[in-house]
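User: I am new to this structure and would like to learn how to read it. Could you walk me through it?

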Amino acid sequence: MANLLDLLNSDLGKTLINGASQQLGQDKAKTTSALSAALPLILGAMKNNAKTPEGASGLLSALNNDKHSGGILDNLGSILGGGGIDDDVLNDGAGILGHVFGGKEQNVAGAVSKSSGLDMGSAMQILKVAAPFIMGALGKQSRQQGVTSTSGLGDLLGGMLGGDDSPEEQSMITRLLDADGDGSVIDDVAGMILGSGSKKSGGIGSILGGLFK
């Protein structure tokens with residue numbers, strides 16, 4: 001099962017980073033940092049939402065939509081090339097973010113901005129691109145694995161986050177996203193916007209809970 005590290009280190013991930021960097025006029029290091037923050041925040045929120053029957057049903061329905069079948073992954077180069085990021089992708093991304101974060105997108109963009117050094121506008125654009133990318137990746141994997149149940153959905157999301165995979169893969173995800181090496185994947189991002197040096201316990205769920213109060 002592909003996880004965040006696999007995706008960012010793959011040719012697909014490089015296309016995403018290079019294309020977003022060029023379209024936003026930002027350097028690759030900041031773009032990579034922004035995506036490294038955006039991807040687990042979006043996935044973590046999706047996993048939290050999927051813990052409720054309504055949330056799980058809504059996400060499964062969205063993944064079964066042809067729009068999220070994985071086609072975006074095959075056309076990423078053209079979508080992020082030329083004269084700007086495709087409006088349909090940005091509109092889809094805005095809709096996904098609104099559903100996942102429940103109107104708290106500015107908080108998330110603030111975390112991505114402070115983590116990466118991007119301005120707020122660019123951080124929001126990164127989120128709008130990252131959300132359809134994640135949905136495409138999840139949709140493709142859900143079809144390949146025949147995911148039709150809430151338990152299967154939880155496994156799919158956990159596997160992409162790295163939380164349900166082998167210790168080696170979890171360690172690689174942690175090294176990618178945990179700047180201070182304390183083993184908590186996104187507390188560095190969350191701590192920046194929360195303005196607190198204190199460490200959160202309970203993993204991604206408690207961190208997101210703190211972010212979205």
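**Reading the fold**

Analyst: Of the 213 residues in the protein chain, 48% are buried, where buried means under 20% relative accessible area, exposed over 50% and partly exposed in between (1.4 Å probe, protein chains only). This is a predicted model: local features need pLDDT of at least 70, side-chain atom pairs count only at pLDDT 80 or more, and totals for chains, interfaces and linings use all residues. Residues are numbered from 1 along each chain as its sequence is written, and side-chain values use heavy atoms, leaving out hydrogens and water.

User: How many helices and strands are there in the protein chain?

Analyst: Helices (H or I, at least four residues) and strands (E, at least two) are DSSP runs, numbered from the N terminus. Here the protein chain has 13 helices and zero strands.

User: Which residues of α2 are buried, and what follows the helix?

Analyst: The buried ones are G13, L16, I17, G19, A20, S21 and L24. After α2 comes G25, with a positive phi near 65 degrees.

User: At what angle do α2 and α9 pack?

Analyst: Axes are lines fitted to C-alpha atoms, for helices over the stretch in contact, and angles run from 0 to 180 degrees between N-to-C directions. Helix α2 and helix α9 (residues 120-145) pack at about 150 degrees, with their axes 11 Å apart. That makes α2 roughly antiparallel to α9; angles under 35 degrees count as roughly parallel, over 145 as roughly antiparallel, 65 to 115 as roughly perpendicular and the rest as oblique.

User: Which residues make the contact between α2 and α9?

Analyst: Contact means heavy atoms within 4.5 Å. From α2 come L12, L16, A20 and L24, and from α9 come S122, Q125, I126, V129 and F133. Two of the α2 residues in this contact, L16 and A20, are also among the buried ones.

User: Where does N3 lie, and is N3 buried or exposed?

Analyst: N3 lies in the segment before α1 (4-9) and is buried, with a relative accessible area of 1%. N3 and A137 are 134 residues apart in sequence and 9.7 Å apart in space, C-alpha to C-alpha.
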